[in-house]
Amino acid sequence: MTTRDYLTIDDFDIDGKTILVRVDLNTPMDPDGNILDDMRIKSHIPTIKDLDDAKVVLLAHQSRAGKNDFTTMKPHSQRMSQYLGKDVKYIDDIFGTYARNSIASMEKGDVILLENVRFYSEESIKRPASDHAGTHMVRKLSPLIDIFLNDAFAVSHRSHLSIMGFTETLPTGAGRVMQKEITSLDRGIKGGERPCIFVLGGAKVDDSLKVAENVLINGGADRVLVTGVVANVMLAASGVDIGKANLDFIESQGYTDQIERGKQVLEKFNGKIGLPIDVAFNDGGKRVDGKVSELPGDNLPINDIGLETIVAFSEEIKNAKTVVLNGPAGLSEVDAFALGTHEIIKAAVDSEYSIAGGGHISAEVRNLGYEDKFSHLSTGGGACIDYLAGVKLPGIEALKTAATRYRLNG
């Protein structure tokens, strides 16, 4: 008997059924419309293969209005066809006559991909599922569909139409990507094997402090190590003079108020937050390591954690049973300042269970060729950090509500 509060593919009889799957195929594309990174496309292949006995209708988006890569889903259907080993037919319509006729004429085993759902203006309006259920898209497509699956974890922090609307009108469950994200991230925040260490970096300081508080209050983490801009804020909060250049950068990002918040977090969780003992300064593009207590007088920007910190943090990470990484340790796109990020990733591989929390850090894991060495690479950036911070994601809450309704109606 499952204890999950949401349904999955395994809870439905899918044989011959028409199944609408919201996937996240949003990919980096060059100016000529070529896909540069197909990680998200590949991630959905297990879901689609598990639906071989059904008729699969895929709903997805690419970028957003006003962006250069706001384009059709045709390249995505072609790439997905290669990975599936069968034709994924691209339909340049979302819920018009062509789309509906294409769905109605499908045969068992067919897979089609509808047009970019963000071409429809109501998609990106944030509102409750009950309101989305009354839209033209939901009312036109629902009669043709037997089951709705949300497999788009990375978009499920947004209460958008294609994430929420069909959960009100159709039996609803999670696809394999969504199921793996929930299971894997829960193991991180609810405490898997101990000790559990979170390494929080990058530039999203407010989000990272929310994650730190959530996992320390709930006992999910034994220690939180900070790197990146998060570390600079926390060093300032601890009384270290990080220099005008770094304070100015923090101000430019709108995070000056987080220094005071950082003080409160340090007081509340004394000893559970690991700060850098040295940092790497950017001196005209050159890496210069120095202790935080000995900042150079010429006020250089901090672009990475220092060598001593890398050694100390790596040792803690290697000895942990569960490690969650979120955000790079420094300016990892510049070789001279990628060392901290890369060494922390390498150290995490030695833990029994390792999670990379989406976005930049997951990309770095893949760049290093360590994808297969991690227990879980999240597909979500904002969605992942919200989930780790204990924020209820609208898309996941809608899955739970739909599951309750389905079970009550038997």
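Begin by selecting Thr341, His342 and Ile345 in helix H14, which meet Ile361, Glu364 and Val365 in helix H15. The model is a predicted one. Show H14 as residues 339-348 and H15 as residues 359-367. Their axes come within 10 Å and cross at roughly 75 degrees. The two helices therefore count as roughly perpendicular to each other, the range for that term being 65 to 115 degrees.

The chain passes from E13 through H14 to E14, a β-α-β crossover that is right-handed. To find one of the paired positions, pick Leu325, whose bridge partner in E14 is Ala356.

Now select strand E15, residues 376-377, which pairs with E14 in the parallel sense over two bridges. Here Ala356 stands opposite Leu377 in E15.

Next, show the whole sheet to which these strands belong. Six strands form an open sheet with parallel pairing, in the order E9-E8-E7-E13-E14-E15. E9 (273-274) and E15 stand at the edges with a single partner strand each, so one side of each has no neighbour in the sheet. At the E9 end, select strand E8, residues 223-226; E8 and E9 pair in the parallel sense over two bridges. Leu225 has Gly274 in E9 as its bridge partner.

Move on to another sheet. Six strands form this open sheet too, in the order E3-E4-E2-E1-E5-E6, with parallel pairing. Which strands are at its edges? They are E3 (88-90) and E6 (172-174), each of which pairs on one side only. From one strand to the next, the twist averages 25 degrees.

Within this sheet, select strand E2, residues 55-59, where four of the five residues are buried. Strand E1, residues 18-22, runs parallel to E2 and is joined to E2 by five bridges. Arg22 stands opposite Leu59 in E2. Strand E4, residues 111-113, also pairs with E2 in the parallel sense, over three bridges. For that pairing, pick Val57, which stands opposite Ile112 in E4.

Go to strand E5, residues 147-150, which pairs with E6 in the parallel sense over three bridges. Leu149 stands opposite Gly173 in E6. Then select helix H17, residues 394-408, which lies across E5 and E6 and runs at about 130 degrees to E6.

The last stop is helix H8, residues 176-189. H8 has 14 residues and reaches 20 Å from its first C-alpha to its last, close to the 20 Å expected at 1.5 Å a residue. How many of the 14 residues of H8 are buried? The number is 11, and H8 is mostly covered. Among the buried residues are Arg176, Val177, Met178, Leu185 and Ile189. Colour these to finish the tour.

Note on methods:
Residues numbered from 1 in each chain as written. Predicted model: local features only at pLDDT ≥ 70, side-chain atom pairs only at ≥ 80, totals over all residues. Heavy atoms only, no water. Pairing = 2+ DSSP bridges. Axes fitted to C-alpha atoms, helices over the stretch in contact; angles between N-to-C directions. Contact = heavy atoms within 4.5 Å. Right-handed = clockwise from strand over helix to strand, strands pointing away. Expected span 1.5 Å × (residues − 1). Buried < 20%, exposed > 50% of the residue type's maximum accessible area, 1.4 Å probe, protein only. Parallel < 35°, antiparallel > 145°, perpendicular 65-115°, else oblique.
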